[in-house]
Amino acid sequence: MGQTIYLDHAATTKTSPQVVEAMLPYFTDYYGNPSSIYSAGSAAKGAVMKARETIAATLGVKTNEIYFTAGGSEADNWALVAAAEAYESKGKHIITSKIEHHAVLHTCAYLEKRGFEVTYVNVDENGILKLEELKHAIRPDTILISVMFANNEIGTVQPIKEIGAIARERGILFHTDAVQAYGHMPIRAEEMNIDMLSASGHKFYGPKGIGFLYIRTGLKLRSFLHGGQQERGRRAGTENVPGIVGIGKAAELAAERMEENEKKERALRDYLTDRIEKEIPYCRLNGDRERRLSNNVNFSFRFVEGESLLIMLDMKGICASSGSACTSGSLDPSHVLLAVGLPHEIAHGSLRLTVGAENTREEMDRTVEAIKEIVGKLREMSPLYEDFIKKNVP
Ligand SMILES: *Cc1c(COP(=O)(O)O)cnc(C)c1O
């Protein structure tokens, strides 16, 4: 992308060249159907098996607990709907948080239409789930708790192990949308009391349209797609072999490079955060400073319209986001920023920058300079800012 500065890694990442290289032969040479008997088929079958093993190892779970899906949204939909249906004879109450991705929130809304009751637990002003409120929300008919591992907008990392323990003690299933966390930070499903976990390839340098759902042995969830016996009968359809090979390779590379990447990202993140806070007045860092993804920066700038800021950054070749890709284009401010208590007008002036290990400090400098200039220009045009300055600056 030439001179562009890509700072939207929470929306998607570039497929790593090694991943593409690993995938290519499965389009052209080993294109056989994994269900076939002949050797071109068994080569594909072996590759699918290997990817499943790699991913299972990264989570410390059994190979046959990993089910490939067509991405994170599918994994979330499957987990929630199937768990609701499987356990509805026990109860029809589900608990989640107010800051989930729409793949979870809209699936919950669908379940509400189908007669389930959903409690949306609050987060504190930093975006961390209120554990006491979660405990109080639990009822005898609660069958499922779903809380995301890390938030895609403000980067907050939730106390997953504690939430899992609360669920397990009470015999309630626990699902976590780990799409932003998987491949970026260590996750041990067993130790963290996780029953189901969703992840997506394109969020950690793998291909788009491939993800997986971890389902702990013993959960009697219905199949997601009915048909052939693929994915042990639970998700029919000829396997996306190149995609599976790709997500397997991406998982392997992510595990190898995790510490190094985290360190690089954290340095860039902190540098960017520091400079913005010091050099641009009337801004607020959203999300928790400590319990935060190593790549996430999210600021609100008062007297600035987020969409204008994004468009002007784009003109300078900088790719950023105003929150989640799904909400841009609509005029509603982000549900996550509202949940942490921002008033509408401040939530509207928000900017998310998510760095990657390949970004450089020089790019951070150019980005800060661009934001300074644009925020200054936008404020000059704002009558609200003019009023504010008249009243507050002597
Ligand atoms: C991107 C994302 C998803 C959706 O994943 P897809 O593979 O794009 O369907 C779900 N949850 C979170 C937290 C995400 O960031």
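The largest nonpolar core of this predicted model takes in 63 residues, and I145, F149, I187, I194 and F212 have the most contacts inside it. A nonpolar core here is a set of buried Ala, Val, Leu, Ile, Met, Phe, Trp, Tyr and Cys residues joined through side-chain atoms within 4.5 Å. Helix α8, residues 241-279, supplies the largest share of this core, 8 residues. Helices (H or I, at least four residues) and strands (E, at least two) are DSSP runs, numbered from the N terminus. In soluble globular proteins, nonpolar side chains tend to be buried together.

Back to F149 for a moment. Leaving aside residues up to four places away in sequence, F149 touches T156, V157, Q158, I160, T176, D177, A178, A181, M185, I187, M192 and I194, where a contact means heavy atoms within 4.5 Å.

As for the ground rules, residues are numbered from 1 along each chain as its sequence is written, and side-chain values use heavy atoms, with hydrogens and water left out. Local features need pLDDT of at least 70 and side-chain atom pairs count only at pLDDT 80 or more, while totals for chains, interfaces and linings use all residues.

On to charges. The structure holds 28 salt bridges, each being a side-chain nitrogen of Lys or Arg within 4 Å of a carboxyl oxygen of Asp or Glu. One of them joins R168 to D195 at 2.9 Å, N to O. R168 sits in helix α7 (residues 160-169) and D195 in the loop between β6 (173-177) and β7 (196-200), so this bridge ties together parts 27 residues apart in sequence. D195 also meets R216 in a salt bridge, at 2.6 Å, N to O. That pair again links distant parts of the chain, with R216 in the loop between β8 (211-215) and α8, 21 residues from D195. D195 is buried, at a relative accessible area of 3%, whereas R168 is partly exposed at 33% and R216 is partly exposed at 26%. The cut-offs are under 20% relative accessible area for buried and over 50% for exposed, with partly exposed in between (1.4 Å probe, protein chains only).

Then come the rings. The count is 11 aromatic pairs, taking rings of Phe, Tyr and Trp (its six-membered ring) with centres within 6.5 Å; planes under 30 degrees apart are stacked, over 60 edge-to-face, and the rest tilted. Y26 and Y30 make a tilted pair, 5.3 Å centre to centre with 40 degrees between the planes. Y282 and F303 have centres 6.4 Å apart and planes at 85 degrees, so they are edge-to-face. Y282 is in the loop between α8 and β9 (283-285) and F303 in the loop between β10 (296-301) and α9 (306-315), 21 residues apart. Y282 is partly exposed at 30%, while F303 is buried at 17%. Ring pairs join Y282, F303, Y385 and F388 into a cluster.

Charges also sit over rings, with NZ of Lys or CZ of Arg within 6 Å of the ring centre and within 35 degrees of the ring normal. K92 has its charged end over the ring of F116, 4.9 Å from the centre, and R232 lies over the face of Y67 at 4.2 Å from the ring centre.
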